[in-house]
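This briefing concerns aromatic side chains and their surroundings. Please consult the sequence and the structure shown below while reading.

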Amino acid sequence: MGSSQLLVVLDRDSPVPLQQQLCDQISGSVRAGRLRPGDPVPPSRELAHQLGVSRTVVTRAYELLRANGLLTSRRGSGTRVSDALPDLPHRDPPARTPLRPEPPLPTDAGSPLWRPWEPAPMHRPDGAYDFRHGTPALASFPVARWRQSLATAVSRADAVALGYGPAEGSPALRAQIAALLRRSRALDVAREHTIVTSGATQAMDILVRLLVGPDDVVVIEDPSHTVLRQIFGYSRAAVVPVPVDEEGLRVGEIEDRVRGHGLDPARVRLVYVTPSHQFPTGFVMSERRRRALLRWAREHAVTVLEDDYHNEFTFAAERLPSLAADPQGADVAYVGSFSKTLFPSLRIGYAVLPPHLVRPFLGIKWITDRLTPTLTQEALAEFIDSGAYARHIGRMDRLYRQRRARLLEALYEHFGAGVRVSGAAAGLHVLVTLGDASGAGEAAIVRAAAARGVRVYPASGYYVTHPPPEPTFLIGYAALPTARISEGVALLAGAAREATAR
């Protein structure tokens, strides 16, 4: 219903005059909360036409409602519900409670694989030090340059661009993504095998729908991101966590872990890995483990889902190519997005697929959303082609190196030799184990830190089988200036001491 329409039903057989019926229905809508302060009501001529009555009926009703303080009129803004309503009996508005996800299946309740994510705070209190992981330096994003790319895309748009585009995405953006991956990940892929999606999550969801059936098995890393259970678990497949160590997924344990769940290793259809920066440990999968995984996947006809979510920000001297760059005969589906490099609300991701998966993948995408917003894709293609993307990545790489260095210095300064850090070689967070630096538990430290305006995030919920015995946290540093990192770590150290003393 448009904003110029109003739901009013007049009873022409009633002895109550039409203008009184109109008054009663509008005031009833105000009392019920269907019309709220500041809401517009239709111009009298339009409402008279809608109701099939003379304009005089509507104007007299509006005059009576204005006299009673329910409506107000101003030149240029029309007639609206008054901001200062008289005291009227009304329904209390429903209490606003934060939305939290429920388990996708009834059997997931209480499962260690099901952990709802913690929603971002709508309003952060002034002075809060939020070490949230996965949040880029949004304050440093070149908004003016992005606005220029959007304007360019709109100015070039014709009737075709404004219509339903191809489900696989903009040809220009797919070509730019393929070029980026060829240069940065040694992944020489044809544009035809590159599909634009609404974030990496949609790409993974489609792959699971395509590859996994109710009696199949999906192997994930342990620890791993909680969103995976929400994606893989809804397929009704069995999800089997396999531990990781400093070299990445323990490929040699896959079959034993699957059997340990009472399942047949021959039913494994998908193995999910984050080889360039394992989540949440930050370990980089070694060359030896990469070869072992690809060999195992080839021998068992299993698809490897490679989530390369932090590949752009690597601080080690040597970078390894993607698994998909040399699949060694295995099927590797490569997934990435621009959420960390640009901004999360862009909602543009991509999948690079083996040729035989492209058409069935597109068939599912066609059903789920038809297409990712076309003009935004064209703007992103222009942003990359102009060199603005590369310049932004270069600035962010320098910024994140500074913030990462300050975080590590501050941690060792305030916690000493008892602190252990992993994942510093890449990504936007590190995994911090306080160890001997604190005798308190994670929950006690989180509460003490929150009382000092510091938000930190326990890592234990990401582990399915063996959570860390010592307080361990994901510490994101990308969104905090170096000065606030120093202050926040100092406050965290004080909170840890306070929690230990209790």
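A residue counts as buried when its relative accessible area is under 20%. In this predicted model, tryptophan 146 has a relative accessible area of 8% and is therefore buried.

**Tryptophan 146 and phenylalanine 383**

- The rings of tryptophan 146 and phenylalanine 383 form an edge-to-face pair, at 5.6 Å centre to centre and with 80° between the planes.
- Tryptophan 146 belongs to helix 4 (residues 143-156) and phenylalanine 383 to helix 11 (residues 374-385), so the pair ties together parts that are 237 residues apart in sequence.
- Phenylalanine 383 has a relative accessible area of 0% and is buried.

**Phenylalanine 338 and tyrosine 389**

- The ring centres of phenylalanine 338 and tyrosine 389 lie 5.8 Å apart with the planes at 80°, so this pair is edge-to-face.
- This pair links distant parts of the chain, 51 residues apart: phenylalanine 338 is in the loop between strand 10 (331-337) and strand 11 (349-352), whereas tyrosine 389 is in helix 12 (residues 388-415).
- Phenylalanine 338 is buried, at a relative accessible area of 2%, and tyrosine 389 is buried as well, at 5%.

**Ring cluster**

- Phe141, Trp146, Phe343 and Phe383 are joined into a cluster by ring pairs.

**Charge over a ring**

- Arginine 484 places its charged end over the ring of tyrosine 129, at 4.2 Å from the ring centre.

Note on methods: Residues numbered from 1 in each chain as written. Predicted model: local features only at pLDDT ≥ 70, side-chain atom pairs only at ≥ 80, totals over all residues. Heavy atoms only, no water. Phe/Tyr/Trp six-rings, centres within 6.5 Å; stacked < 30°, edge-to-face > 60°. Helix = DSSP H or I, 4+ residues; strand = E, 2+ residues; numbered from the N terminus. Buried < 20%, exposed > 50% of the residue type's maximum accessible area, 1.4 Å probe, protein only. Lys NZ or Arg CZ within 6 Å of the ring centre and 35° of its normal.
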